[in-house]
Amino acid sequence: MGKDRIHFYIEQHRAALETMALDIWAHPEGGFQEKRTAQIQAEYLKRLGAQVSFPVACAPTALVAQYGSGFPVVGFLGELDALPGQSQKVCAYQEPAEKGGYGHACGHHLLGVGSLAGFAALMEVMREEKIPGTIRYYGCPAEESFGGKTFMARDGLFDDLDCCMNWHPSGEDSVALTQSSAFELMEFHFHGVEAHAAMNPHMGRSALDAVELMNVGANYLREHIIPAARLHYFITDGGRAVNVVPGNAAVRYAVRAPQIHQVQEIVERLVSVAQGAAMMTGTTVEKKVMSIYHNRLPNNALSDLVYENLAHCPWPKYTTEELELFRALSATYSPSLVEERCKTLGAAKDELWNSLLRRPIRKGNKSITVGGSTDVGDVSWITPTVNLTVTCCPIMVDGHSWQACAAYGSTAAAKGMTRAAQVMAWSAYDLLTTRQDVLGKAKKELQQDRNGRSYTPIPQDMLPSFDNL
Ligand SMILES: [Zn+2]
Ligand SMILES: [Zn+2]
């Protein structure tokens, strides 16, 4: 039977897949700089006989692999990028592998190779069983910063999907039914007139003054936007010398809100604040958009099917050393944090002390928006998309931390990755064969959730940014 064959394929290739993921973990790369990572994946997929396009969508490190033809078309989302300053060794105390270097503290090495493995296993079974339909793997860069998927979406690369498999490494097995926040990241560049700050300050027009006045204005704006919205900023260029009136200055802003149209409304008002600051200081201002993420729309119909498969996916056998590492990493958190996490997960304390919550959960519902943002949101507006999480670290460990980078670099994490591959390949197999009915339901649900709004891609003239956040 196809599902057993998927399991067998993954078992047979486990060593190679785990080695690939841990090798990528050991060579972390930043957003739109993931050349080595993308190359490794593209070569692996070509060797399997998939049709590989690399690079795509004006993003130098984005790739797409395809197998099969016709209906249905099922996607697998992978990610590639690491985080700056998060370098860490696999151990239970904080020690960077490279001081100040990149680190896979969000586990995108697992995310990418896990989705690739799900695609590869299903491809093999489709070939053997002559199953009609199309599957596609997306190697998506710069999720943490500039949104590779939004560039791929602008090029229409997700348009013909009937649904999309998506997962994230985590401290629990779950399907997340919550929304993520919509987000826009932008930089305001002010241009004034340089002058000697002591001899001729009256000749100067300070771009830094404009930045500071803009920030004051934005902080007043805060009170008059919806409470669920967030404004974050930092000054990226404040001048170079105290005795020169700064001719150029820049400030980077992020705006978050539950819905993309709410972000757009706040950004419009923020632009007015910037223009006001420019007017007050005799400077000019330019806005550069760096990324725009839609809020993520969960899909209950698709999530139910994936949950069934998740519940049937057996746990791996961990070695004593692997469990010891997980317990030691959990012990780096304070008892009050453990208590809080118990409440959030509805977990008993002994489950947390064992470091692993050995049961799947359905997390939240559509009325809840979590604070973070992801470019998976954009895909979820185009096609029904599932948000699976699979245990790759202790429950206590949150992403973007040294503990996460340590846990995700372990062999235990790689075992979670191959489970994710199996759950996604099983679910996609169902959709290609006996459960095509779910696709119709999932699409109808998406249409209702969009509530008459269509997906708006990023502006046509927007290019990938390359600096690091
Ligand atoms: Zn992340
Ligand atoms: Zn992530």
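What is the strand order of the open sheet with mixed pairing? The four strands run E6-E17-E7-E15. The model is predicted: local features need pLDDT of at least 70, side-chain atom pairs count only at pLDDT 80 or more, and totals for chains, interfaces and linings use all residues. Residues count from 1 along each chain as its sequence is written, chains are lettered from A and ligands numbered from 1 in the order in which they are written, and side-chain values use heavy atoms, leaving out hydrogens and water.

View 1. Strands (E, at least two residues) and helices (H or I, at least four) are DSSP runs numbered from the N terminus. Two strands pair if DSSP finds at least two bridges between them. Strand E6 (167-170) and strand E15 (361-363) each have a single partner strand, so one side of each lacks a neighbour in the sheet. Neighbouring strands are turned by 25 degrees against each other on average, direction ignored. E6 pairs with strand E17 (residues 388-391) in the parallel sense, over four bridges. Within E17, Val390 is the bridge partner of Pro169.

**View 2. Helix H7 across the sheet strands E7, E15 and E17.** Helix H7 (residues 300-311) runs at about 165 degrees to strand E7 (174-176). Axes are lines fitted to C-alpha atoms, for helices over the stretch in contact (heavy atoms within 4.5 Å), and angles run from 0 to 180 degrees between N-to-C directions.

**View 3. The zinc ion (ligand 1) and its protein donors.** Donors are N, O and S atoms within 2.8 Å of the metal (3.2 Å for Na, K and Ca); water is not among the atoms, so sites may look incomplete. The zinc ion (ligand 2) is 3.1 Å from the zinc ion (ligand 1), and Cys106 coordinates both. Glu144 sits in the loop between strand E4 (133-140) and helix H4 (148-154), and His400 in the loop between E17 and helix H12 (402-408), 256 residues apart. Glu144 is partly exposed at 21% relative accessibility, and His400 is partly exposed at 42%. Buried means under 20% relative accessible area, exposed over 50%, partly exposed in between (1.4 Å probe, protein chains only).

**View 4. The surroundings of Ala82.** Ala82 lies in the loop between strand E3 (73-79) and helix H3 (108-129). Ala82 is buried, with a relative accessible area of 4%. Not counting residues up to four places away in sequence, Ala82 touches Pro28, Glu29, Gly30, Tyr102, Gly103 and His104.
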